[in-house]
Amino acid sequence: MSTESSLTVGIAVPLEAEHVEAIRAVDPSIAVLYEPDLLPPERFPADHSGDPSFRRSPDAEERYWKLVNSADVLYGFPNESPAGFARVVAENPRLRWVHAMAAGAGGAVKASGVSSADLERVIVTTSAGVHALPLAEFAIMGILNGLKRTAELAEDQRAKHWPDLRVPTRLASGSHVVIAGLGEIGVETARLARALGMTVSGTKRTADPIEGIEEVAAAEKLPELVARADALVNTLPGTPFTEKLIGRELFSAMRPGTILVNVGRGTVVDEEALLEALENGTVGYACLDVFAVEPLPETSPLWEHPRVLVSPHTSALSVAENRLIAERFADNLRKFLAGEQLPHRVDPIHFY
């Protein structure tokens, strides 16, 4: 490639300078537009939205939109919002690709109202896979919490209660885990589970065998799989096909005391049916990072249930996230320059 700039990349969200330099290093022909004073300061590592109190002056606002509207490729949605994405698609005719910070950016793309025709012109890729390890570690934590009765231990500790009867816990080794959604997160969860001696089965859209997984089945076989599970982990995205997939019918197929972990999307679990399953003992413990409505309403009984852990949709976060996303973007940028297909593209019809 010539050294004359042939592609302009705009950094639309907060990112440390060293990661910007790693993007610049992909190819000398790339122009990278990065003006950190136009970006809100991070409150914590990988805070893609930045400080909500940040306000640009009118001049800075004009400079910011001039930057994003000058880019062929954007790192992040402008202002990390569906509205920002919709505006740049409408105003920037040269825009060809936007890389989203989220693993499940389909919901934001759908919320933007951008047409399917525009989504053919401007492809959106997600950071799916970058979050696989922290999500898998969180899922394993949830399973172990259920097996080792940590909710009861914490309750006894708060009450300074030393029980007369010491109830045994369950072993991870020999337990069976079912994973709904054997994508990158699910496969990484399976790897960690197997390291603890667990056996694993699960579902996938294409039920091809996966090394180390006892059985890979289509979604309709999930009730058969959970019938012998000690734990069910959901990693599925929120789509019309997965809405309330984990509901009364599936709970009725479970063994008493099954552990439920949700690191996919909240809409996959019927929360009313989950509460019934917790009360009748079908679900022994639920570790939930995602909910049908977020933030979880104060009126939700899940907040105070003694065998539920509520996590505020933070299980994917890690201090390494910015580096990992920038590395993923750099890899994709090489593919883009080579004219190759980009992985993890948001489906413009189904938005996952």
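Helices here are DSSP runs of H or I, at least four residues long, numbered from the N terminus. The structure is a predicted model.

Helix 3 spans residues 82-91 and holds both Arg 87 and Glu 91. The two residues are four apart, about one turn of the helix. In an α-helix, residues three or four places apart point the same way, because each turn takes 3.6 residues. The side chains of Arg 87 and Glu 91 form a salt bridge, with N and O 2.9 Å apart. Arg 87 is partly exposed, at 35% relative accessibility. Glu 91 is also partly exposed, at 39%.

A search of the whole structure gives 21 salt bridges. One of them joins Arg 56 to Glu 61, at 3.0 Å from N to O. Buried means under 20% relative accessible area. Arg 56, at 18%, is therefore buried, whereas Glu 61, at 28%, is partly exposed.

Helix 11 covers residues 271-279. Its buried residues include Glu 271, Leu 274 and Leu 278. Among the elements that cover the buried residues of helix 11 are helix 10, strand 10, strand 11 and strand 12. At the start of helix 11, a side-chain oxygen of Asp 270 comes within 3.2 Å of the backbone nitrogen of Glu 272. Just after the helix, Gly 281 has a positive phi of about 90 degrees.

Glu 276 pairs with Arg 248 in a salt bridge, with the closest N and O atoms 2.7 Å apart. Glu 276 belongs to helix 11 and Arg 248 to helix 10, so the pair ties together parts 28 residues apart in sequence. Salt bridges with shared partners link Arg 248, Asp 270, Glu 272 and Glu 276 into one network.

Methods: Residues are numbered from 1 along each chain as its sequence is written. This is a predicted model: local features need pLDDT of at least 70, side-chain atom pairs count only at pLDDT 80 or more; totals for chains, interfaces and linings use all residues. Side-chain values use heavy atoms; hydrogens and water are left out. Buried means under 20% relative accessible area, exposed over 50%, partly exposed in between (1.4 Å probe, protein chains only). Contact means heavy atoms within 4.5 Å. A polar contact is a pair of N or O atoms within 3.5 Å; within protein, one must be able to donate a hydrogen and the other to accept it, and residues adjacent in sequence count only if both atoms are side-chain atoms. A salt bridge is a side-chain nitrogen of Lys or Arg within 4 Å of a carboxyl oxygen of Asp or Glu.
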